[in-house]
Amino acid sequence: MIFRILEDQFAQKSRDAKAADLRFMQLALALGQRGQGRTWPNPAVGAVIVKDGVVIVGRGWTQPGGRPHAEVEALRRAGDAARGATLYVTLEPCSHFGRSPPCADAVIAAGLARVVSAIEDPNPEVGGRGHAKLRAAGIAVDVGQCAAEAARDHAGHFRRIRDKRPHVILKLAVSADERIAAAGYRPVAITGEAARTRVHLLRAQCDAILVGIGTVKSDDPLLTCRLPGMADRSPVRVVLDRVLRISGDSRLVHSARETPLWVMTSDFAEAPAAMKLGAAGAQVIRIASTTTPPGLDLPDVLHALAEKNITRLLVEGGARVASSFLTAGLVDEIWLLRGPDTIGTDGVPALHALPLAAITQSPAFRLRASEALGNDSLNIYERA
């Protein structure tokens with residue numbers, strides 16, 4: 001009987017410990033998400049330091065520009081209370097010297113007793129070495145808590161390391177009859193305020209936002225984050241413009257000195273047009289073209305963006321650009337917003353020549369989440 005009581009008590013303690021690990025790692029994930037869109041090329045990591053299994057003594061997330069790292073920030077806040085505590089971190093602590101010393105060394109020096117790490121870093125400069133260094137120093141290391149969630153949050157970092165391209169998020173706002181604009185690409189309001197707010201928050205969580213020159217010509221967009229107090233969270237604006245048709249009078253060019261504008265063009269584009277854009281503050285990036293007439297190869301575009309340290313790319317338009325990314329198999333995540341009103345059969349189809357079923361009924365994607373945003377709906381799909 002005594003042994004049964006002891007077994008029950010041990011089992012309860014084990015369940016309590018597992019629940020605590022889950023709770024604190026979820027907090028670390030939430031903290032890490034605060035940095036999304038601001039830390040590239042570094043991943044947006046979150047960290048929590050817990051004393052005696054219950055008391056949070058330090059919190060941190062990767063700071064703008066990628067430094068300080070989350071672990072260092074949490075250790076700074078914890079001070080001496082970190083000794084003997086547990087660190088919850090959403091990605092393996094780095095073990096190499098980059099722009100800052102290894103986080104693994106800082107963890108060891110702080111005297112932490114245990115590290116709970118969500119997932120191993122695929123960066124070949126880390127790749128398990130951080131965990132190994134901690135274990136060699138006598139620190140208990142547990143890996144895998146909330147690994148799937150961490151992999152999703154760090155998808156941009158993983159994709160850039162493994163595939164030499166950013167994680168691509170396609171955003172579509174469609175009417176009830178699956179149109180994205182009125183006849184002649186005339187802009188029309190499709191979703192309400194709640195949905196637009198959500199999209200601006202998504203923009204703030206991405207490193208860059210991409211549209212085609214057709215969208216620039218028809219909509220003259222600004223492509224910034226217009227949430228109150230978050231203007232500085234606007235992503236880099238990227239335009240696909242193979243022969244540099246973008247006007248110097250566009251809002252994108254006029255704001256190029258305030259918010260970065262990168263124009264991706266072919267090597268056939270004329271030099272004077274590129275010089276004018278450069279003088280206005282835009283950056284012209286030439287992609288080698290082997291086709292006539294000159295075209296832009298999307299894998300090459302994404303590789304060029306990864307070379308410039310972009311990890312999370314939001315593709316916002318238009319129909320041809322969206323269908324091109326889908327056809328090329330370069331979309332990792334889709335945010336599909338639906339408004340309640342119809343536009344009519346003369347409106348612009350959401351995916352140009354492709355049916356919307358290429359997303360909603362495709363075995364390549366699975367529905368991850370759904371929610372209502374006022375009178376609109378949001379479905380989030382991810383690569384299956």
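Lysine 308 lies over the face of tryptophan 262, 4.8 Å from the ring centre (a charge counts as over a ring if NZ of Lys or CZ of Arg is within 6 Å of the ring centre and within 35 degrees of the ring normal). The model is a predicted one, where local features need pLDDT of at least 70, side-chain atom pairs count only at pLDDT 80 or more, and totals for chains, interfaces and linings use all residues. Residues are numbered from 1 along each chain as its sequence is written, and side-chain values use heavy atoms, with hydrogens and water left out.

Across the whole structure, a search turns up 2 aromatic pairs (rings of Phe, Tyr and Trp, its six-membered ring, with centres within 6.5 Å; planes under 30 degrees apart are stacked, over 60 edge-to-face, the rest tilted). Phenylalanine 24 and tyrosine 88 have ring centres 5.4 Å apart and planes at 40°, so this pair is tilted. Tyrosine 88 is buried at 4% relative accessibility (buried means under 20% relative accessible area, exposed over 50%, partly exposed in between, with a 1.4 Å probe and protein chains only), and phenylalanine 24 is buried too, at 5%. The charged end of arginine 23 also sits over the phenylalanine 24 ring, 4.9 Å from its centre.

Tryptophan 40 and tryptophan 262 make an edge-to-face pair, because their planes stand at 85°, with centres 6.5 Å apart. Tryptophan 262 is buried at 8% relative accessible area, while tryptophan 40 is partly exposed at 23%.

As for contacts (heavy atoms within 4.5 Å), leucine 112 touches Ile49, Leu87, Val107 and Ile139, among others, leaving aside neighbours within four places in sequence.
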